[in-house]
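Trainee: I would like to go through this model with you, one question at a time.

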Protein chains: 4
Amino acid sequence: MSSSQAIATEIDVLGPARIPSPLPMQKFVNDQDKLIMHISPETAEDFPLEGETYDFEEAGPREKIYFDPRKTKCAVVTCGGLCPGTNDVIRAIVMEAHFQYSMPSTLGIRFGLQGFIPEFGHDIMELTPESVARSHEFGGTILGSSRGHQRVDEIVEALDRMNISILFLIGGDGTMKAASSINEQIKKRNLKISIVCIPKTIDNDIHFVSKSFGFDTAVAKATEAIRCAHTEAMGAPYGIGMVKLMGRQAGFIAVEATLAMRDVNFVLVPEAPFCLEGPDGFLNSLKERVMRRGHAVVVVAEGAGQELCRWERQQNGQQEVDLSGNPILEDITGLLQRKIKEYFLAEGVEITLKFIDPSYIIRSVPANSGDRVYCGFLGQHAVHAAMAGKTDLVVSRLNDRYVYLPLDLVTRKRRTLNINSNYWRAVLASTGQPVNLCSKSNSVQMEGLET
Amino acid sequence: MSSSQAIATEIDVLGPARIPSPLPMQKFVNDQDKLIMHISPETAEDFPLEGETYDFEEAGPREKIYFDPRKTKCAVVTCGGLCPGTNDVIRAIVMEAHFQYSMPSTLGIRFGLQGFIPEFGHDIMELTPESVARSHEFGGTILGSSRGHQRVDEIVEALDRMNISILFLIGGDGTMKAASSINEQIKKRNLKISIVCIPKTIDNDIHFVSKSFGFDTAVAKATEAIRCAHTEAMGAPYGIGMVKLMGRQAGFIAVEATLAMRDVNFVLVPEAPFCLEGPDGFLNSLKERVMRRGHAVVVVAEGAGQELCRWERQQNGQQEVDLSGNPILEDITGLLQRKIKEYFLAEGVEITLKFIDPSYIIRSVPANSGDRVYCGFLGQHAVHAAMAGKTDLVVSRLNDRYVYLPLDLVTRKRRTLNINSNYWRAVLASTGQPVNLCSKSNSVQMEGLET
Amino acid sequence: MSSSQAIATEIDVLGPARIPSPLPMQKFVNDQDKLIMHISPETAEDFPLEGETYDFEEAGPREKIYFDPRKTKCAVVTCGGLCPGTNDVIRAIVMEAHFQYSMPSTLGIRFGLQGFIPEFGHDIMELTPESVARSHEFGGTILGSSRGHQRVDEIVEALDRMNISILFLIGGDGTMKAASSINEQIKKRNLKISIVCIPKTIDNDIHFVSKSFGFDTAVAKATEAIRCAHTEAMGAPYGIGMVKLMGRQAGFIAVEATLAMRDVNFVLVPEAPFCLEGPDGFLNSLKERVMRRGHAVVVVAEGAGQELCRWERQQNGQQEVDLSGNPILEDITGLLQRKIKEYFLAEGVEITLKFIDPSYIIRSVPANSGDRVYCGFLGQHAVHAAMAGKTDLVVSRLNDRYVYLPLDLVTRKRRTLNINSNYWRAVLASTGQPVNLCSKSNSVQMEGLET
Amino acid sequence: MSSSQAIATEIDVLGPARIPSPLPMQKFVNDQDKLIMHISPETAEDFPLEGETYDFEEAGPREKIYFDPRKTKCAVVTCGGLCPGTNDVIRAIVMEAHFQYSMPSTLGIRFGLQGFIPEFGHDIMELTPESVARSHEFGGTILGSSRGHQRVDEIVEALDRMNISILFLIGGDGTMKAASSINEQIKKRNLKISIVCIPKTIDNDIHFVSKSFGFDTAVAKATEAIRCAHTEAMGAPYGIGMVKLMGRQAGFIAVEATLAMRDVNFVLVPEAPFCLEGPDGFLNSLKERVMRRGHAVVVVAEGAGQELCRWERQQNGQQEVDLSGNPILEDITGLLQRKIKEYFLAEGVEITLKFIDPSYIIRSVPANSGDRVYCGFLGQHAVHAAMAGKTDLVVSRLNDRYVYLPLDLVTRKRRTLNINSNYWRAVLASTGQPVNLCSKSNSVQMEGLET
């Protein structure tokens, strides 16, 4: 049924699946079952790759599997920052491997990819139904996590040495790229190890994932901080409450929380550049709001307004890169607080500005019930894929269906907010902020900067 | 792009839309923008109507509108049982009508369709941004609700008399059928009144609605009751905790809550008939579980096991219908409690059985943040549709998209759980209950009953 | 300083305490440190025993202890219904015994006093810091509980056999009476076993305990049910929400929840008898409220209106005692629902009555932070008392101080609500219900009944 | 019964109370009803004023009142930082004044004492039962608040001009001192205005108030932040979670939250000075903990370690006072983070340090049910006192009783944590931190600093 198509969506396999599945299914999923997606004008920006139709492999248990369950050892590793639901995914993998496939052992690699490298000295955890039974009641990851790269050959060495046939990686963009490298190395060595990723990003910025796990939970916690900011703003003459939320390149948490808690008057995200100065700039718009209603709530995604931070550094003759050559990421909320105070002081309005940074409180809570169900399926589908011999893949929920996606499709680029969408219009309608927080002259200046 | 198709998905209109929309959109949604849905084998049971492809109209603001906003009065009515998020939908309608379309007035009809009938004497509420501003912080409906039918001609009479151009109905299956009748009457009288439904069902049993609003919130509350049942069961020798959850014809809440709170050992739903007696029946399975682990948690959808209740009545020579001729719906949880106590007494096992019926606690709470965002969009899209002159329609979120559906498509039949799906398999895997709670001989007996 | 005094408040000891405490205290509590309580007119009813001044022993670590910690084995048992905070008490006992007194072993007796009786076959748990570390995150009791008596000689036999020197009992009135009997038997056998009770009653009806542990948590959960009842009542024409709360002989939870959630219009408690009929009776008062405001919320303690139930049974010629000779406790909320429906039907008012019974949801939740701190101190002070060789005692928080009370002082009678107090006036002021829900003629009738 | 006594506890009155109270009480409270408090050795430090016995006037409605309710106007003002329960106190005052005393009007002064000063231009709110009915569902103060002094003569001028007979002030130490000045000015002018304070301090540092309102709610929220810090610390190799909590001069929130959430390993409070360096210093103790268990949680009251900050400034040659002559309060958590990072870097241990500052999230939430009941009584007793003509007083809950205290008794000094108490021992037992975080040599140095 699908038409001409430039995008590869086939899932790689280690070899033919010949072993009958031990699962008591009346109906298995076939590799030929597809989720077919048309890219309509409205969705074009969300799924920007070429080709007007995709057909993705449906996730689920296959009738024939590749690995002999009784002889297969698998391992789980969690990488990057904390995200609600991670323990639910781990739990689901362990339960599915143990009870449904009767696999003898699931290992937990401690503290991310560090856990593969002997010099760090981290122990290996044996994961059993008992040891994970209540893990979902707690936030974080029972395995621990870490950031940063480790040598791929050492990782593959460790997998081989520990006799691991399946590696489940729960992590973000960097982790999925590491998984690709690990998979290449595995192929090069001609090993039969399946690499299955469960995408984890609290920023919700992964393409072909409708909503990443933990996002709903994070938004719910974020709304609590916004409610507090609103209460603080209402409680003081000319009160301003500012909340910093996660989102380095995409403002999804900030925007969704704004839609859930309708007290926000300005939401600033990386996707919508803004100016501070000028009649249409943020500062004057904020002042107008504060004078009109006596208070205001501002939500800022951490990656918003980076061009302003750069401009500020240029003005101050500061470096663009630090000593190691990395670009300096300035804290936009620090800059905004300073500018707001200066501006209102100059305007003769005595404001009270309260700043809330709830990030660790948001990301370290247990998953809510919706995310729990979601994470349960992600873990189960990861096991199904691996047992069927599939590899180099990502498990995703896309348009209410669980699918398997090739790793390289997902990591090609990051998803960002479409500011021409009806979704963003609803945000502007809710906040009442100007469509464009920039006077013309400033925006020219901005454009100059952005190049 | 869509193929041969037997299903009408066109939305009816009152007339040509000629007035430019006042919305500050850079990009409007066209009537031609479609969500195209293929019915794959996996989805076939969920969308059982003929035709292998549907194309549904995307929801959203249209560039041209039918009603002149400054002269248009609209009304909102809520019918049926309480459901989390109802106030959010009302709030969104009022806000969108007022701030985006500058409509002069939104009326609130009190206590369901009763509010149209003068003899009940309910007042009409004037809904303003101020009066609804904080309504989403509370559960229930600020308009009040009621069940049951009212005379359609009186309703249309009232709409005409009050000069209402748009009626938003928030209600379930019965309400949508009433809306159809109202619409027919409107056509007959040649009135220009738009009828727009927002489907409300805490049971999540409406076709072409991926997940009805408030469902996630309800499941979250249901999990709290399950947790308590588990605690009670663990706290007594041979403790059994039983939780009754909503679901007259579909077990979605029971099942989703089971997947979210992994302590459930048996979940009984209308879609999966079961026997009490026999070696594979529920009672013996429950006993095996209790003896093996010392406790058990049973979740029962209110509509489960109705064939058992009928059988019980037949045995006792009771009537199938009450004095008014309505079929008697027996309380399955009452029957189960009695049978469990009798069975374990006969088996000489002293159990402690705790029963929890949390239904009003589940349905009357405020919406969680996810449902808030969802309800906000439902309300906004309802206003967009009505202003564009569309009528006889339902606003739905389907596969992560908001669409407009013809009323009669949605009410054709109810959605139920597919017990051949991977979803149900995951439930059985989680509970560990037998795939079939029925010995062969019993199931014959059952089949006899079911005819 | 204390005056003539008829009440014994001395705590019994097993023998002189001669061993230096291992605790790193700069200042210990002396047996002579007293909490002195004057019985003012306002407090007279709360502390009704003779004598106008009490002096109670302050709880806390003593400089000299009786038991050699390294050789002392203790045991914990939980009896009766679930109550929030029970696991916190257990946890505190284990932690204090292990880390502060370095005791080698704390045993957990399973399922209440049944755990001492071999024929039940319950295992004994070894309680360690690891096994209890996270127990406070969950409701209920990790030991399990049971109701009912067991033979005292068998219990003492078991204590002796297991070489237990200290028994901590967490339970209510019945448990404390059992503890007394156990202690007598211990004395008779000349054993050196300390018996220390931590009073557990969700009804808050124990004398000389200002507020029993878990009560605050229970009230907080109860308010959620009341909020739901209010939402349901508001959501229907002439809606009435009824909530049944715990309180067999005392209405503390009902009343405190009423004060915390100001939407209650009638609170019915055992201490304030009421009539149904007559112009000042409950039914007419309810009708007046419903007609005036369109809805009403009624909170009923389970032990309220027992005299009405008896009257009803007499009218119907039913027995006062069941086959075993026990008095029949009728469900007042069942009676009230029936009477309300009949009354409004007769009055021609079509009401919608929603009934919520949240009891298991209230009592099985984890303790809130205030109760956690409280339970921690109860557990620690229990260990201090026992190690100092004190016995036959109860640990209590009284007027913000922790004290040791003789067992027989506490069990002499139950505490009930003083309906002449300012506290009850505040309740009436909040609900707006009549001070006396009884017409004169009816109250005569009632008096006749009450004899 | 009370003995020789140096402390004045009599409450001042505006004049004789001659009007019969309109309250439907069967039993009023007499001015002679006393709460008698003995100062035992254990309590001595908590109540440090001379005299071994206090007798405080019981709060409650008096049989005779001073003001004629129908002609009396009262006003409420809230000052200082937000605190959970403030709206509950306001609500209770309004409800009691309106429904129980039938007073015609209660005014709300906006934004603290600023509201009395015309130049600020704040409006006056008319507070009615309707306008406050749901206010307790929200945090903060519906009146708004502000910090800082205003001219006393202008305030009294405004009271006189607005014809206000009773002023209720909800605020902390500074507010109570301002209330004293206002009262003096009122006396000087021979006005008949009652001044009644309800003490508000989230730090719980007011003498003769067992636990200030909102404290329990604040602690509950603080435990959530600690839980997150623990999750973060567990989630990284050598993870350290640090939480900053309120408490400028007293560590009550930090300590109570530590007792409620048993995952804290170090709690630093103003009352217990500590050193950073040396074998017994904080840094080495922290390292030992981290190396032993892999992670640690540190809770810091904002006023802890100020002597270290001073020392640091001296070393760096910084000023002790700012340009306006005010002492510089350095942020101890900033200093600690820097020192910890430096120390572990030097020791070659790669830690992950996560810092959480939840203060605005803690103080702006609605009150929990316990605080709601408490605040309700505070508001009611405030009205009773004022109507009886009492003035210059504070309403307090002391040892589970509500009492009236003279203003100057309460403001004489601040309450701090007694680090020789059993309470503090329990904290050390829970954290496992050294009793004294200071080596000898360092403590000498510290002593030198503290002078």
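Trainee: Which residue of chain A comes closest to the rotation axis?
Mentor: First, the ground rules: this is a predicted model, where local features need pLDDT of at least 70, side-chain atom pairs count only at pLDDT 80 or more, and totals for chains, interfaces and linings use all residues. Residues are numbered from 1 along each chain as its sequence is written, and chains are lettered from A and ligands numbered from 1 in the order in which they are written. Distance to the axis is taken at C-alpha, and the value is 2.3 Å. The residue is A:Asn399.

Trainee: What rotation superposes chain A on chain B?
Mentor: The shift along the axis is 0.0 Å, with RMSD 0.0 Å. The rotation is 180 degrees. The two copies are thus related as by a two-fold rotation axis.

Trainee: Which helix gives the most to the side of chain A that touches chain B?
Mentor: Contact means C-beta atoms, placed from the backbone, within 7 Å. By that rule 42 residues of chain A are in contact with 42 residues of chain B. Helices (H or I, at least four residues) and strands (E, at least two) are DSSP runs, numbered from the N terminus. With seven residues, the top contributor is H12(A).

Trainee: Why do the copies meet through the same surface?
Mentor: Compare the interface residues of the two chains. The copies meet through the same surface because the share of chain A interface residues that are also interface residues in chain B is 100%.

Trainee: What is the strand order in the open sheet of four strands in chain B?
Mentor: Two strands pair if DSSP finds at least two bridges between them. Seven bridges join E11 (residues 239–245) to E13 (residues 295–301) of chain B. E12 (266–268) and E14 (352–356) of chain B each have a single partner strand, so they stand at the edges. With parallel pairing, the order is E12-E13-E11-E14.

Trainee: Are H7 and H14 of chain B parallel or oblique to each other?
Mentor: Axes are lines fitted to C-alpha atoms, for helices over the stretch in contact, and angles run from 0 to 180 degrees between N-to-C directions. These two axes come within 10 Å and cross at roughly 55 degrees. Under 35 degrees counts as roughly parallel, over 145 as roughly antiparallel, 65 to 115 as roughly perpendicular and the rest as oblique. H7(B) and H14(B) are therefore oblique.

Terms used
Copies are superposed by least squares on the C-alpha atoms of residues with pLDDT of at least 70 in both. Two residues are in contact if their C-beta atoms, placed from the backbone, lie within 7 Å.
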